[in-house]
Amino acid sequence: MAERVGIVAVAQTKYHPNRADVNEGELVYEAIKQVLDETGLVYADKGKGIDATITCSQDMWDGRTISNLGVMSYVGAHLADEDKVCEDSINALYCAMARILSGHHDIVLVAAHCKESQANKSIVENAAFDPIFLRLLGLDFLAAAAMQATRYMHRYGITAEQCAKVAVKNRGNAKNNPFAQESLNITIEDVLSSVTLASPIRLLDSKPISDGACAMILARESKAKKLASKPVWILGASNCYETHYPGYRELADCDALVKAARKAYSMAGITSPLRQIDVAEISEEYSYQELLWMEGLGLCQRGEAGKLIDAGVTKMGGQLPVNPCGGMLSGKPTVVAGMANVAEAVLQLRGEAGKRQVPKAKVALAHGVTGICGQHQAVIILGRN
Amino acid sequence: MANRVAIVGIGQTFHKSKRPDVNQAEMANEAVRAALTDAQLGSKDIEAVVSSNMEPFEGVYLPDHWMASEMAACGKSGFKVATGGTSGASAVVEAFHLIASGLASTSLVVGFQKHDTGDTQAGMTACMTPVFGSGATTGAISEFANQALVYMEKSGAKEEHAAMVRLKADRGACRNPYAQLKLGLKGVEEILSSGYLEWPIRILDFCPQTCGACALVLASEEIAGKITRKPVWIADTITVHQEPFRAGSFGDPTGLETYSQDVASTKLYKRNGITNPRKDIDMAEIYEPSTWEEMMHYEHYHFCDENEGWKLIEKGITAIEGEFPVNPSGGVLSTNPIGATPVIRVAEAALQIRGDAGEHQVTRDVKTAVATALGGCNWTTMILLRRSL
Amino acid sequence: MTKKLEELEAFVVEGKVAIPATYSAGTVGSRFLIEMRDNKRIMGMRCSKCGIVYVPPRSTCESCFDKLDEWVEVSDTGTILTYTVACQPSPVLPAEPPVIYGIIRLDGAGTGFVHMLGEVKPEELKVGMRVKAVFKEERTASVLDIKYFRPLK
Amino acid sequence: MEKEPTQEYIQVKIDTPRPYRWSTGKYLGKLYKEARDRKKLVTNRCTKCKELVYPPQMVCGRCKVEAGQDWVEMSDKGTVVQYTYLIFPRWDPHRGEYYSSPYPSATVLLDSGLYLRSRLEEQDTKKLKRGMRVQAVWKEKGRGRGQDDIEYFRTIEELEVGK
């Protein structure tokens with residue numbers, strides 16, 4: 001690669017259970033305004049400013065065909081280049097990265113929003129299931145995830161306590177994150193005695209409904225160095241699909257993530273992820289997912305993630321802190337979560353993560369997931385150098 | 001600098017109004033197989049898959065996930081894009097960048113729409129939420145009706161000219177094995193006697209609703225050199241979106257606004273040394289949801305001067321054997337699976353460059369072609385193709 | 001007429017998007033559903049190259065991308081690979097909670113079949129449990145023609 | 001072409017409506033409030049380009065900067081610039097039923113310089129003409145739906161003199 005891609009500014013809204021006070025545009029603008037102010041950039045032709053925008057939102061969540069119509073004005077898209085990626089927003093960054101590496105764009109704004117509060121989660125998610133063989137069964141992502149959790153726990157002997165530890169850790173971490181929707185001082189017992197949503201997933205194993213937005217500016221290396229005193233570089237990025245029908249998959253292994261991670265690592269020159277990565281932000285809509293995705297990410301052998309949480313490897317101060325910000329469990333909207341993970345990773349690498357700062361973080365991993373039982377997975381590796 | 005990107009495989013389904021014999025995924029699969037066969041590649045040779053589709057039309061959230069295996073996407077990189085009518089072109093653009101950037105060396109582009117599933121017009125009406133604008137806006141046809149009225153008054157175009165556009169489209173469609181509507185129309189009278197959908201748009205002025213899919217295989221120069229002797233190069237792409245017009249709608253109430261097509265084509269031509277589009281480009285496949293739009297777009301894309309679009313059709317300039325053929329495939333007026341439509345535009349333009357368009361191959365030797373897409377609230381994506389770079 | 005932003009008030013409009021949809025099961029999906037309706041048979045599709053038997057059937061092999069057309073009948077009994085008990089009410093559940101979902105590897109199939117489980121207490125469920133399909137009396141060529149899978153005695 | 005063998009194809013019908021709670025946001029909320037409380041349309045004028053931003057928005061899409069809060073009240077009289085009428089019955093996704101058909105809708109240029117899409121009271125399409133003067137008729141009891149609180153525009157007679 002001739003020139004690298006740098007992230008020169010990041011911003012998130014504070015995540016909130018119900019932002020009925022703003023529409024989608026006003027919500028995403030809260031984040032966009034910050035990155036525009038920080039960089040002083042304006043929208044312009046290539047060479048003169050932000051020359052393209054990649055948005056990320058979902059028609060089904062926004063309740064609107066062509067959901068990017070709702071944010072047109074707020075993302076500077078009038079008579080300008082814009083595209084909308086319909087996966088988790090981490091893929092919008094991948095798309096923006098391609099735009100820059102192709103040589104056709106210099107500076108790209110990426111913006112994602114989702115207001116989970118305005119739609120019905122089960123109905124939206126049910127619409128993602130194959131309408132012929134699955135949808136009538138009434139499945140949503142929770143029920144599917146619960147089957148994945150059962151399978152994973154059965155196959156590798158992961159315990160409910162180990163999953164609960166993830167919930168306790170992340171909700172505790174959230175108290176250090178001013179953007180977090182909620183932080184809770186809870187115990188393993190609290191998690192295990194909270195109401196069961198779909199066995200083995202309990203209320204405190206799952207994320208709350210959340211609204212929020214995230215914005216970022218990406219630039220080619222030569223521009224990034226001028227725009228930011230501490231640009232963060234994308235060292236590797238990839239994503240991967242696997243098959244839709246959950247019965248066709250071994251749910252206890254996440255092949256798509258294994259492949260996505262392998263490719264991102266190879267781009268970034270990472271051979272020993274647990275040792276080389278200093279901090280990881282992983283999308284865990286349900287507590288078991290942090291463990292399962294860690295295995296997919298190759299941070300440990302298959303079935304070993306439970307041991308890592310038991311040993312405190314992923315807590316603040318551990319060898320590899322995972323989700324210092326509190327993760328999705330502390331409230332981050334779907335769609336936005338992957339980009340929010342990148343934003344957090346950037347703050348960590350810039351040393352600006354405040355009370356949740358991981359000391360001397362030089363290489364960070366951000367992960368994003370879309371779909372049923374992690375059908376589409378994406379990984380971005382970021383670094384200071 | 002960037003890798004060159006070639007189209008090395010082209011495939012589409014036979015487009016029909018109903019496809020009960022396949023589900024959505026299987027329908028896309030037909031196009032994917034055809035494109036892979038055309039490229040002489042196997043599914044394992046593909047590194048990335050970029051797809052496009054409008055979810056509310058079929059009511060499937062994340063349709064690319066449902067269809068992942070059928071699109072040969074399992075174990076591969078990729079994502080779905082959606083920008084309304086331009087979605088398919090957006091997918092081509094992003095796949096182009098994936099390869100130009102070196103992030104992938106081969107990519108499938110898959111566009112699809114299964115109109116027998118939902119209600120397309122209703123899906124479009126849902127572009128507006130009840131919060132604003134849905135009270136008076138009733139989907140795409142109203143917008144096109146309004147634009148046609150403005151255009152008629154401004155340019156002096158008559159309903160006969162719109163009919164001539166349909167006649168041209170039908171002649172192309174009848175020669176295109178994949179086209180959906182093949183009416184075998186004899187003359188404009190037949191068209192002028194068809195009923196109105198919404199004044200002044202007649203049934204035959206408007207595109208049909210189609211089940212269909214179209215897939216392309218894009219490859220880096222290195223791969224293209226190995227597998228094909230007839231690569232079609234993507235020379236450049238441009239996307240220009242815009243705000244809804246002043247009435248808060250997609251249609252321009254004044255006829256005076258700046259159009260995304262103007263901005264896009266001006267920039268694209270300038271970047272690529274095109275000073276006289278009708279001379280420097282050999283043919284175009286444009287996204288014309290109505291006959292009126294086609295005439296307007298001739299002007300917006302600078303194929304002619306302002307208010308002269310209808311003269312191109314009157315003089316036969318844009319006919320299959322004309323000086324500057326537009327939509328020899330029969331265009332959107334004959335076939336419109338929305339998510340796939342812009343991919344078909346690119347596919348058809350590429351076939352013309354390869355000389356593989358069969359019976360609807362244009363008379364003029366096509367070295368350079370442009371494919372366009374229309375979506376969102378009058379958004380534009382243009383893709384410039386060349387036989388050699 | 002300038003106001004502070006905080007003084008502006010947002011309205012919430014409750015509504016819906018209602019576009020009925022009709023999904024084609026396609027040639028392969030239709031045959032699967034018709035066999036269940038007419039003959040209470042569960043059909044799979046075998047890839048002659050890879051040997052995998054897909055249930056539900058599909059027209060393209062996940063693994064080798066070959067076109068598939070080798071129909072095989074699989075058993076209506078199988079083994080639970082995983083399960084969950086959905087305990088909370090939701091607008092998409094087909095019945096009052098608790099609703100038990102499971103993925104079942106039918107005997108003769110190479111993949112898991114996602115469906116519901118019944119006639120079983122949640123605490124008795126376990127991976128590896130043997131189950132059998134219970135068909136509805138009134139069948140309409142729907143995946144719900146199977147009422148659920150019940151434990152094999 | 002060979003005739004395809006007749007096979008029964010199964011169709012799975014699903015018509016679950018998806019409920020939403022859309023927010024107007026703060027700027028559009030102002031339009032809603034004034035329409036509900038005073039039966040007036042208001043919008044903000046971009047402080048940079050001085051053009052009306054409609055619907056009111058925090059950011060002027062054209063200038064790509066915050067539009068500011070220069071609120072302007074719109075006249076409720078205007079001229080029909082363009083009109084059309086629906087002939088083919090069409091599904092309304094937000095009500096889950098067909099639109100009544102035909103109904104004329106028009107682009108009205110309000111005297112205060114704003115283009116508006118709205119319905120017309122006049123149902124006789126022969127009586128529609130461009131340039132016709134119209135006035136907004138507000139719903140008896142506005143539901144707080146902004147522009148949609150206008151029932152339709154009614155044709156008005158105006159003396160040319162003294163206008």
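Colleague: Is α6(A) buried or exposed as a whole?
Modeller: In this predicted model, α6(A) is largely enclosed by the rest of the structure, because 11 of its 14 residues are buried. Buried means 20 or more other C-beta atoms within 10 Å of a residue's own; 12 or fewer would be exposed, in between partly exposed.

Colleague: Which residues of α6(A) are buried?
Modeller: Q162(A), C163(A) and A164(A), then K165(A), V166(A), A167(A), V168(A), K169(A), N170(A) and R171(A), and finally N173(A). Residue numbers start at 1 in each chain as its sequence is written, and chains are lettered from A in the order written.

Colleague: What covers them?
Modeller: The cover includes three helices of chain A: α7 (188-193), α11 (287-296) and α12 (305-310).

Colleague: How far does α6(A) reach from its first C-alpha to its last?
Modeller: α6(A), residues 160-173, reaches 20 Å, close to the 20 Å expected at 1.5 Å a residue. The expected span takes 1.5 Å times one less than the residue count.

Colleague: Changing topic: how many residues do chains B and A put into their contact?
Modeller: 50 from chain B and 49 from chain A. In contact means C-beta atoms, placed from the backbone, within 7 Å.

Colleague: Which element gives the most on the chain B side?
Modeller: α4(B), with six residues. Elements that supply at least two residues there include α2 (55-58), α3 (63-66), β3 (77-81), β8 (232-240) and α10 (260-271) of chain B.

Colleague: And what is that side made of, by class?
Modeller: The chain B side has 24 nonpolar, 21 polar and five charged residues. Nonpolar covers Ala, Val, Leu, Ile, Met, Phe, Trp, Tyr, Cys and Pro; charged is Asp, Glu, Lys and Arg; the others, Gly among them, are polar.

Colleague: How many residues make the contact between chains A and C?
Modeller: Chain A gives 32 and chain C gives 35. On the chain A side, α4 (121-126), α5 (141-156) and β5 (196-198) each give two or more residues.

How values were computed: Predicted model: local features only at pLDDT ≥ 70, side-chain atom pairs only at ≥ 80, totals over all residues. Contact = placed C-beta atoms within 7 Å. Helix = DSSP H or I, 4+ residues; strand = E, 2+ residues; numbered from the N terminus.
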